[in-house]
Amino acid sequence: MTDARPDAASAVPPGTGPALRPPSRAVDRRAVLWWTAQAVLTVVPPVLVLCVLALLIPPARGWLVFSAAVVGVPGLLCTAVMPAWRFRVHRWETTGEAVFTRAGWVRQQWRIAPLSRIQTVDTVRGPLQQLFGLSSVTVTTASAAGPVTIDGLDHALARDLAEELTRIARATPGDAT
């Protein structure tokens with residue numbers, strides 16, 4: 001773990017809000033496939049382009065194959081390691097006081113969003129997320145650190161979570177600033 005503290009902008013003074021602690025809920029296992037597909041779609045196209053160019057431009061073949069290896073080998077290592085590592089790190093939880101998240105894989109980020117600070121709750125489903133039946137929930141607060149995002153949730157769970165957080169935020173006294 002590289003960073004076990006929340007961002008300074010989202011830190012809560014001691015004794016005035018929820019304490020930082022590890023969130024207890026894991027994201028959906030299908031998130032591993034989603035992250036793997038994202039990595040493959042990031043690595044494979046440039047490697048394919050470089051390989052095709054190596055076939056079409058014989059004088060530059062050596063440099064193009066070398067470039068494909070420079071991009072492809074670390075990309076394949078990242079594709080093999082990153083999804084499982086992210087799955088081990090990514091956690092989330094909601095309580096009566098706050099939304100807790102932990103995300104990242106190289107640089108880990110822990111966040112707390114007090115329910116009284118919630119301004120909007122959104123769900124996002126990109127094309128790959130739709131393919132795997134996943135969604136992301138974004139909780140926007142009055143924080144300079146930006147929104148809290150929970151990636152890799154089952155679509156139905158994300159929809160229910162967004163509705164629950166919206167209902168709780170509406171019922172929580174305060175002006176979310």
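**Figure 1. Strands β2 and β3 run antiparallel, joined by four bridges.** Here β2 covers residues 91-94 and β3 covers residues 98-103; strands are DSSP runs of E with at least two residues, numbered from the N terminus. Look for Thr94, which stands opposite Val99 in β3. This is a predicted model, in which local features need pLDDT of at least 70, side-chain atom pairs count only at pLDDT 80 or more, and totals for chains, interfaces and linings use all residues. Residues are numbered from 1 along each chain as its sequence is written, and side-chain values use heavy atoms, leaving out hydrogens and water.

**Figure 2. Four strands form an open sheet in the order β1-β2-β3-β4.** The pairing is antiparallel, and two strands count as paired if DSSP finds at least two bridges between them. At the edges stand β1 (25-26) and β4 (109-114), each with a single partner strand, so one side of each has no neighbour in the sheet. Helix α4 lies across β1, β2 and β3, at about 40° to β2; axes are lines fitted to C-alpha atoms, for helices over the stretch in contact, and angles run from 0 to 180 degrees between N-to-C directions.

**Figure 3. The largest nonpolar core has 27 residues.** Such a core is a set of buried Ala, Val, Leu, Ile, Met, Phe, Trp, Tyr and Cys residues joined through side-chain atoms within 4.5 Å. Among those with the most contacts inside this core are Trp35, Val99 and Leu165. The elements that each supply at least two residues include α1 (30-56), β6 (134-141) and α4 (155-171), and α4 gives the most, with six. Leaving aside neighbours within four places in sequence, Leu165 is in contact (heavy atoms within 4.5 Å) with Thr94, Val99, Leu115, Ile118, Val121 and Val139.

**Figure 4. Helix α1 has 27 residues and reaches 39 Å from its first C-alpha to its last.** Helices are DSSP runs of H or I with at least four residues. The buried residues of α1 include Trp34, Trp35, Val43 and Leu50; buried means under 20% relative accessible area, exposed over 50% and partly exposed in between, with a 1.4 Å probe and protein chains only. Among the elements covering the buried residues of α1 are α2 and α3 (127-132).

**Figure 5. Thr42 lies in helix α1.** At 57% relative accessibility, Thr42 counts as exposed. The side chain of Thr42 reaches the backbone oxygen of Gln38 at 2.8 Å. Gly75 is 33 residues from Thr42 along the chain, with their C-alpha atoms separated by 8.3 Å.

Conventions. The expected span of a helix is 1.5 Å times one less than its number of residues. A polar contact is a pair of N or O atoms within 3.5 Å; within protein, one must be able to donate a hydrogen and the other to accept it, and residues adjacent in sequence count only if both atoms are side-chain atoms.
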